[in-house]
Amino acid sequence: MITTKDYVVSELIKSDDYISGEALSSKLGISRAAINSAVKALRLEGYDIESSTRKGYSLKSNPDVLSVGEMLAYLPAERLDKVIVLDETDSTNKVLKDMGSDGAPEGTIVIADCQLKGRGRLGRSFLSPHGKGIYFSYLVRPKSRIDEISTITAWTAVAISNAINNVFGVKPDIKWVNDLLINKKKICGILTELSLETESGHIDNIVIGIGINVNHDPEDFPEELRDIASSISFECKKHESRSKLASEMVKEMDKLVECWADGKEIYLNQYRENCINIGRDVACVNIHGEGNPRPGKAIGINDDFSIRIEFEDGSVENLSSGEVSVRGLYGYV
Ligand code: BTN
């Protein structure tokens with residue numbers, strides 16, 4: 001539920017200048033006293049709000065928090081009805097999967113500031129400390145066949161790359177099939193989990209989980225990951241509000257779902273433009289990392305988002321993300 005404090009903080013963020021208590025009160029339809037106590041509460045949370053008897057309130061700086069109030073500065077209140085922001089949870093994918101089986105509608109989103117058991121691909125964990133990243137899960141109820149749905153993760157890589165570009169002005173590269181990189185270091189991972197109807201075998205829902213490293217410093221990663229993982233702020237030398245980025249993610253994911261599955265050209269073209277593997281040497285390994293890596297060169301992305309590899313013996317194969325992962329970028333193995 002959106003509170004008075006949420007409305008006040010969103011108006012303060014939206015306003016470039018001072019905004020009077022009277023203007024706030026009439027815009028929001030709440031008393032001056034309620035505005036005063038919201039401002040007081042926000043100051044206690046670390047918001048630097050200047051007040052002048054003549055001009056009213058002005059927001060000088062804000063803590064970098066993920067909150068419905070801040071997101072309200074960028075999204076309509078009705079959209080936020082289906083957005084849940086948690087301080088801490090085990091895994092946003094797990095929470096949303098449970099909500100999905102209880103009938104939550106398409107477009108429901110769970111966001112957390114911290115995950116205690118963040119899930120990564122292939123049973124790995126995903127580092128999700130407090131105050132650093134965005135851990136975001138989006139529920140879709142697609143009317144698609146299972147073989148069509150696997151490409152939604154690649155579409156998501158494009159959507160999230162756009163969201164990051166909209167806020168930071170930097171377009172991350174896509175490492176096939178769905179990692180986002182800046183300066184060849186991973187700043188975002190995506191994990192899509194599917195729930196099937198047991199009787200019919202049809203898709204009941206899918207949960208698209210997106211983890212973005214926004215503010216991490218190198219010390220926040222275990223030593224063995226420091227060469228391959230980083231954060232947007234560290235790589236771009238720039239700070240932006242996580243709530244603003246989370247709001248852009250909502251907009252871009254809503255657009256994706258609206259385009260699904262007819263708008264494939266747009267996503268495929270952008271994927272091809274941003275895929276960093278193309279034209280580079282790669283080593284293909286099976287998805288469990290077992291066996292000898294097969295050296296080759298990535299020469300294209302096919303219409304089904306599989307990757308075309310030319311091997312050293314001249315043979316060309318189309319490989320899907322269920323079969324292999326590719327390695328071989330400098331700084332990102
Ligand atoms: C990967 O790169 O291995 C995928 C990582 C996906 C992490 C996100 S964070 C939000 C969502 N909840 C989870 O538990 N995992 C995904």
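At what angle do α8 and helix α11 pack, and how far apart are their axes? Hi everyone, let's start there. Before the answer, a word on the model: this is a predicted model, where local features need pLDDT of at least 70 and side-chain atom pairs count only at pLDDT 80 or more, while totals for chains, interfaces and linings use all residues. Residues are numbered from 1 along each chain as its sequence is written, and side-chain values use heavy atoms, with hydrogens and water left out.

Now the answer: α8 and α11 (residues 264–274) pack at about 75°, with axes 9 Å apart. Axes here are lines fitted to C-alpha atoms, for helices over the stretch in contact, and angles run from 0 to 180 degrees between N-to-C directions. That makes α8 roughly perpendicular to α11, a label for angles of 65 to 115 degrees. Helices are DSSP runs of H or I, at least four residues, and strands are runs of E, at least two, numbered from the N terminus.

Who meets whom? From α8 come A154, W155, V158, A159, S161 and N162, and from α11 come K264, Y267, Q270, Y271 and N274. Contact means heavy atoms within 4.5 Å.

Next, the core. The largest nonpolar core has 65 residues, and F136, I210, I212, L245 and Y271 have the most contacts inside it. Helix α8 (residues 152–168) gives the largest share, 11 residues. Such a core is a set of buried Ala, Val, Leu, Ile, Met, Phe, Trp, Tyr and Cys residues joined through side-chain atoms within 4.5 Å. Buried means under 20% relative accessible area, exposed over 50%, and partly exposed in between, with a 1.4 Å probe and protein chains only. Leaving aside neighbours within four places in sequence, F136 touches residues including T92, I109, I208 and M253.

Let's move to helix α2 (residues 21–28). Which of its residues are buried? They are G21, L24 and S25. Seen down the axis of α2, they fall within an arc of 95°, so they line one face of the helix; the arc is that of the directions from the helix axis to the C-beta atoms. The face turned away carries exposed E22, S26 and K27. Among the elements covering the buried residues are α1 (4–14), α3 (32–44) and β2 (56–61).

Last stop: E317, in strand β13 (residues 316–319). E317 is partly exposed, at 28% relative accessible area. Beyond neighbours within four places in sequence, E317 is in contact with R294, I307, R308, I309 and F311.

Definitions and conventions
Angles under 35 degrees count as roughly parallel, over 145 as roughly antiparallel, 65 to 115 as roughly perpendicular and the rest as oblique.
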